[in-house]
Amino acid sequence: MSADSGIEMVVAIIRPARLENVKRALVEADAPSLTVTNVSGRGSQPATKSQWRGEEYVVDLHQKVKIECVVADTPAEDVVEAIQEAASTGEPGDGKIFVLPVSDACQVRTGKRGPDAV
């Protein structure tokens, strides 16, 4: 399969509290299949200071959720728009969305390839 397979992966890093909103939005955008991973990272969200057992420490890696959604029949732009609207709070640290081309896909159970596997 070529790099222009018509399959794209949308990867979003969002606040954990916004996950349910994003899941609903993806169903409405006709892209209900997703993979979710708990991750930590840093970006524009400022670091915070905390204390534990009297010691002060800096929290500069924030807990986030990574969503991966592979689409073939649903335009990736619709998925990006759905995630952006559902995940936004308007504050720094809302996250990022990336769109990547997928050169091929294979469904394990059936062996289907390309867009049919998605």
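A salt bridge is a side-chain nitrogen of Lys or Arg within 4 Å of a carboxyl oxygen of Asp or Glu. The views below show a predicted model, in which local features need pLDDT of at least 70, side-chain atom pairs count only at pLDDT 80 or more, and totals for chains, interfaces and linings use all residues. Residues are numbered from 1 along each chain as its sequence is written, and side-chain values use heavy atoms, with hydrogens and water left out.

**View A. Lys-66 and Glu-68 form a salt bridge.** The closest N and O atoms of Lys-66 and Glu-68 are 4.0 Å apart. Lys-66 counts as partly exposed at 25% relative accessibility, and Glu-68 counts as partly exposed at 23% (buried is under 20% relative accessible area, exposed over 50%, partly exposed in between; 1.4 Å probe, protein chains only). Each residue also has a bridge partner in a neighbouring strand: Lys-66 in S5 is the partner of Thr-37, while Glu-68 in S5 stands opposite Val-11.

**View B. Asp-94 and Arg-15 form a salt bridge between two loops.** The closest N and O atoms of this pair are 2.8 Å apart. Asp-94 belongs to the loop between H2 and S6, and Arg-15 to the loop between S1 and helix H1 (19-28), so the contact ties together parts that are 79 residues apart in sequence. Helices (H or I, at least four residues) and strands (E, at least two) are DSSP runs, numbered from the N terminus. Asp-94 and Arg-15 are both buried. A search of the whole structure finds five salt bridges, and the Asp-94 to Arg-15 pair is one of them.

View C. With a relative accessibility of 43%, Glu-20 counts as partly exposed. Lys-23 likewise counts as partly exposed, at 33%.

**View D. Strand S1 pairs with both S6 and S5.** Strand S1 (residues 7-14) and strand S6 (residues 95-102) run antiparallel and are joined by eight bridges. Two strands pair if DSSP finds at least two bridges between them. Ala-12 has Ile-97 in S6 as its bridge partner. Between S1 and strand S5 (residues 62-71) there are seven bridges, again in the antiparallel sense. Ile-14 stands opposite Val-65 in S5, and Val-11 stands opposite Glu-68 in S5.

**View E. Strands S2 and S5 are antiparallel neighbours.** Seven bridges join S2 to S5.

**View F. Asp-30 has a positive phi in the loop between H1 and S2.** Its phi is near 65°, a positive value in a residue other than glycine. Most residues other than glycine have a negative phi. Asp-30 is located in the loop between H1 and strand S2 (35-41). With a relative accessible area of 57%, Asp-30 is exposed. Between the C-alpha atoms of Asp-30 and Ala-12 the separation is 17 Å, and the two residues are 18 residues apart in sequence.

**View G. Thr-74 and Ala-29 have C-alpha atoms separated by 7.8 Å.** These residues are 45 residues apart along the chain. Thr-74 is placed in the loop between S5 and H2. At 11% relative accessibility, Thr-74 counts as buried.

**View H. Ser-103 and Asp-4 are 6.5 Å apart in space, C-alpha to C-alpha.** In sequence, Ser-103 and Asp-4 are 99 residues apart. Ser-103 lies in the segment after S6 and counts as partly exposed at 41% relative accessibility.

**View I. Four acidic residues gather in a surface patch of negative charge.** The patch holds Glu-77, Asp-78, Glu-81 and Glu-85 (residues with over 30% relative accessible area and no salt bridge, like charges joined within 9 Å). Glu-85 is part of helix H2 (residues 76-87). With a relative accessible area of 55%, Glu-85 is exposed.

Note on methods:
Patches are made of residues with over 30% relative accessible area and no salt bridge: like charges are joined within 9 Å, nonpolar side chains (Val, Leu, Ile, Met, Phe, Trp, Tyr) within 5 Å. Accessible areas come from the Shrake-Rupley method with a 1.4 Å probe; for residues, only the protein chains shown count as cover. The place of a charge is taken as NZ of Lys, CZ of Arg, CG of Asp or CD of Glu.
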